[in-house]
Amino acid sequence: MSRVIDLNNVTVVRDQRPILNNIDWQVEDDQRWVIVGPNGAGKTTLLRVAAAQIHPTHGQATVLGERLGEINVFELRTRIGFASSAQAAHIPNSETVLNSVMTASYAVTGRWNESYDDIDERRARRVLNEWHLENFADRAFGTLSDGERKRTQIARAVMPDPELLLLDEPVASLDLAAREQTINIIGQYASAPMAPAMVMVTHHLEEIPAGFTHALLIRGGEIFAAGEIHSTLTSDKISEAFGFGLHVEYVEGRFRARAK
């Protein structure tokens, strides 16, 4: 077991306001974390630090054994799978789904003059099959439904065989069927023995797939609670973090929250 994320006293300041404040958080390579918290709590900012997309204003952030600020982040990012709606906006609508996934090998979002080997295409097609996208390989990215686009983003993040997979609200805005299909596939992937360490941001406990082992509850840019998922996502802790009385249940492998 090795540590893939190690944050010590990490603070991120924007416009003289702390978005994250004194974050201490460690993730091991066999763990699957979910980050939960109210709007504006700093969840996506924390994920961007873990993705080496931004540097801390203060503190030390070490990702995959490399300390941010001391290494070439462009090389580090090739070892990290990162799926977010913001990144999806950079994929050309005319790009095929196959190329949208395969170009992740070069860390680019649109095919240009790169040369790909047969092994790249075979892996891309295998990943498409794993994420139930095999019938969409030749479809243009811009013609996909929201659920298909979300799965394409995740497949793209998985394509380089990352050591760390980060998912920023991977089922947000999806309809019920697309949400449940995507949650189910993520859960199967998270439960696989060879899956990398994973961190997923969500606003809703109902969106947490099976197979996730740990939870980080964040409020006001600070860690409110962190640890094993069942001891962290409790009614008392969730209610206090969100400032509203909520009853949390765990039923048939999934969490759900309702007003008390």
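Which residues line the largest cavity?

## Largest cavity

The lining of the largest cavity consists of Ala83, Ser84, Ser85, Lys150, Gln153, Ile154, Asp168, Glu169 and Pro170. The structure is a predicted model, in which local features need pLDDT of at least 70 and side-chain atom pairs count only at pLDDT 80 or more, while totals for chains, interfaces and linings use all residues. Residues are numbered from 1 along each chain as its sequence is written, and side-chain values use heavy atoms, with hydrogens and water left out.

A cavity is a set of points, on a 1 Å grid over the protein atoms alone, where a 1.4 Å probe fits but cannot get out; lining residues have an atom within 4 Å of a point. Grid points are joined across faces, edges and corners, and a volume is the space filled by probe spheres set on the points. Under this rule there is 1 cavity of 30 Å³ or more, and the volume of the largest cavity is about 50 Å³. Helix α6 (residues 146-158) contributes the most to this lining, with 3 residues; helices (H or I, at least four residues) and strands (E, at least two) are DSSP runs numbered from the N terminus. The lining of the largest cavity divides into 3 nonpolar, 3 polar and 3 charged residues, where Ala, Val, Leu, Ile, Met, Phe, Trp, Tyr, Cys and Pro count as nonpolar, Asp, Glu, Lys and Arg as charged, and the others, Gly among them, as polar.

## Second largest pocket

A pocket is an open set of grid points with protein on both sides within 12 Å along at least five of seven lines. The second largest pocket holds about 230 Å³ of space. Its lining is formed by Arg123, Glu130, Trp131, Val158, Asp161, Pro162, Ile185, Gln188, Tyr189, Met194, Ala195 and Pro196. Two or more of these residues come from each of the elements α5 (118-130) and α7 (176-191), and α7 supplies the largest share, 3 residues. By class, the lining of the second largest pocket comprises 8 nonpolar, 1 polar and 3 charged residues.

## Six-stranded mixed sheet

An open sheet of 6 strands has the order β6-β7-β8-β3-β9-β10, with mixed pairing; two strands pair if DSSP finds at least two bridges between them. Its edge strands, each pairing on one side only, are β6 (80-83) and β10 (222-228). From one strand to the next, the twist averages 15 degrees; axes are lines fitted to C-alpha atoms, for helices over the stretch in contact, and angles run from 0 to 180 degrees between N-to-C directions.

Strand β9 (residues 214-219) runs antiparallel to β10, and 6 bridges join the two. Ile218 has Ile223 in β10 as its bridge partner. Helix α7 packs on this sheet and touches β3 (32-36), β7 (164-168) and β8 (197-202), its direction making about 150 degrees with that of β8; contact means heavy atoms within 4.5 Å. Helix α9 (residues 235-242) also packs on the sheet, where it touches β3, β9 and β10, and its direction makes about 30 degrees with that of β9.

## Four-stranded antiparallel sheet

A further open sheet contains 4 strands in the order β2-β1-β4-β5, with antiparallel pairing. Strands β2 and β5 (66-67) form its edges, each pairing on one side only. Helix α1 (residues 43-50) packs on this sheet, touching β1, β2 and β4, and its direction makes about 55 degrees with that of β2.

Between β1 and β2 there are 8 bridges in the antiparallel sense. These two strands form a hairpin with 2 residues between them, and Asp15 in the turn has a positive phi of about 50 degrees. Leu7 stands opposite Trp25 in β2, and Val12 stands opposite Leu20 in β2. Strand β1 is also joined to β4 (residues 58-63) by 5 bridges, again antiparallel.

## Salt bridges

A salt bridge is a side-chain nitrogen of Lys or Arg within 4 Å of a carboxyl oxygen of Asp or Glu, and the count by this rule is 11. One of them joins the side chains of Arg3 and Glu28 at 2.9 Å, N to O. Because Arg3 lies in strand β1 (residues 3-14) and Glu28 in strand β2 (residues 17-28), the pair ties together parts that are 25 residues apart in sequence.
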